[in-house]
Amino acid sequence: MAEDSDAEKTEPASQKRLEQAREEGDVPRSREVATFTVLMAAGAGLWMTGEGLIRQLSSALVSGLALTPEQVFDADVLINRILVDLVRVLLACLPLGVAVMIVALVSPLLVGGWLFTGKAVMPNFGKLNPINGIGNMFSTNALVELFKAVAKALVVGLVAWLVVMKQKDAVIGLAVEPLKLGTAHLLHMLASSFLFIVGALGFIAAIDGPYQMWHYANKLKMTRQELIQESKESDGNPQIKAKIRQLQREMAKRRMMADVPTADVVVTNPTHYAVALKYDDGMRGAPRVVAKGTDEVAAKIREIAREHKVTMLEAPPLARALFKHTEIGDEIPEALYAAVAEVLAYVFQLRLFSKGNGNRPEVPKKLEVPPELDPLHVSTLKQQTDTNNGAPV
């Protein structure tokens, strides 16, 4: 049962899956919405510009037929007249054509949006497989398309019948109207009938648009296993990532240990913390932390420091503060300048003494470390505050 449930596509498509589908030219599309918007734009354009369009077309027709006998047998005149009339017709239809073209370009934004990809036009010989073609003929999508075709025929046919029945008396009355008035009346009836019939397609488009969005989302659904696999491919296998992090920590640790011999002093807790500091007189800035660690790492730092005769100094508050508030390569906090300066002064004086110059310096005992920088002091203060407030510790 668990395997069956995992095989079910119950999870919404991931962003990566949606992007891959778009790259392959697979986006939701509704032919009904596109057809409705274009036809409605054409009908509305004819309604608004029909009178001027008819007038310009009539003028072009009259001009084209107004030829003298001499002009009829003159090929140059005929060609020139045809070209002029053709330009007039094109200019007359241009506003309507531009409006329809704009609507045709904008209509994809309603469902699916614009898509520019070359993969959709690449040859796919798998589509020539007759078995797949037969399967598509009897698929759910084919049944839906058949239902839409029948519904469109019924809806459009019903609306057309109602429109014709409503205007049948007016159509018969056209026979007794003057030619000019009858022509205008006929065009008005045709335009209104066209808009009513096309408007009936809006009912189909209003259903088909949301259905295509739902069908597209349902088609791209994924199983839980697919989501897990995609996550692994995108983010990397957790085990491999953990191994990489482990290797990075080991490399950083080796680099850190290699810098311990270059340190001027190692400040210790003495057993739990160890922080190695280095100060370069030739470089501007405060002393830097070249290594730090706790427990086993701290023991390793102390071992390397002893091997390379790096001075070690027990200063628990300072060691804790340096470990808490610095990272490898960072300069020490400004609040610890005074304490670290006292430590470095001791180290440099000790070096002079080891060379036979001066007296042996005293080990600094009371280094000034702000209490708020010492984690142990902050933790103790918090426990005391919780105890005083009656909170469990």
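**Figure 1. Helices and strands of the protein chain.** In this predicted model, the protein chain holds 14 helices and four strands. Of its 393 residues, 26% count as buried. The chain exposes about 26,500 Å², and carbon and sulfur atoms supply 63% of that area. Among contacts with a separation of 6 or more, 73% are between residues 24 or more positions apart.

**Figure 2. Strands β2 and β3, side by side.** Here you can follow β2 (residues 273-278) and β3 (residues 288-294). The two strands run antiparallel and are joined by six bridges. To find your bearings, look for Ala276, whose bridge partner in β3 is Ala291. Strand β3 is mostly covered, with five of its seven residues buried.

**Figure 3. The largest nonpolar core.** This core has 24 residues, and Leu277, Leu318, Leu322 and Leu336 touch the most other members. Two or more residues each come from β1 (265-268), β2, α12 (316-325) and α13 (337-354). Helix α13 gives the largest share, seven residues. In soluble globular proteins, nonpolar side chains tend to be buried together.

**Figure 4. A closer look at Leu277.** Leaving aside residues up to four places away in sequence, Leu277 touches Ala263, Asp264, Val265, Val267, Arg288, Val289, Val290, Leu322, Ile332 and Val340. One of these neighbours, Leu322, is also listed with Leu277 among the core residues that touch the most other members.

**Figure 5. A second, separate core.** This one has 14 residues, including Val266, Ala291, Ile304 and Val310.

How values were computed: Residues numbered from 1 in each chain as written. Predicted model: local features only at pLDDT ≥ 70, side-chain atom pairs only at ≥ 80, totals over all residues. Heavy atoms only, no water. Buried < 20%, exposed > 50% of the residue type's maximum accessible area, 1.4 Å probe, protein only. Contact = heavy atoms within 4.5 Å. Areas by Shrake-Rupley, 256 points an atom, 1.4 Å probe, with all protein chains shown as cover. Pairing = 2+ DSSP bridges. Core = buried A, V, L, I, M, F, W, Y, C linked by side-chain atoms within 4.5 Å.
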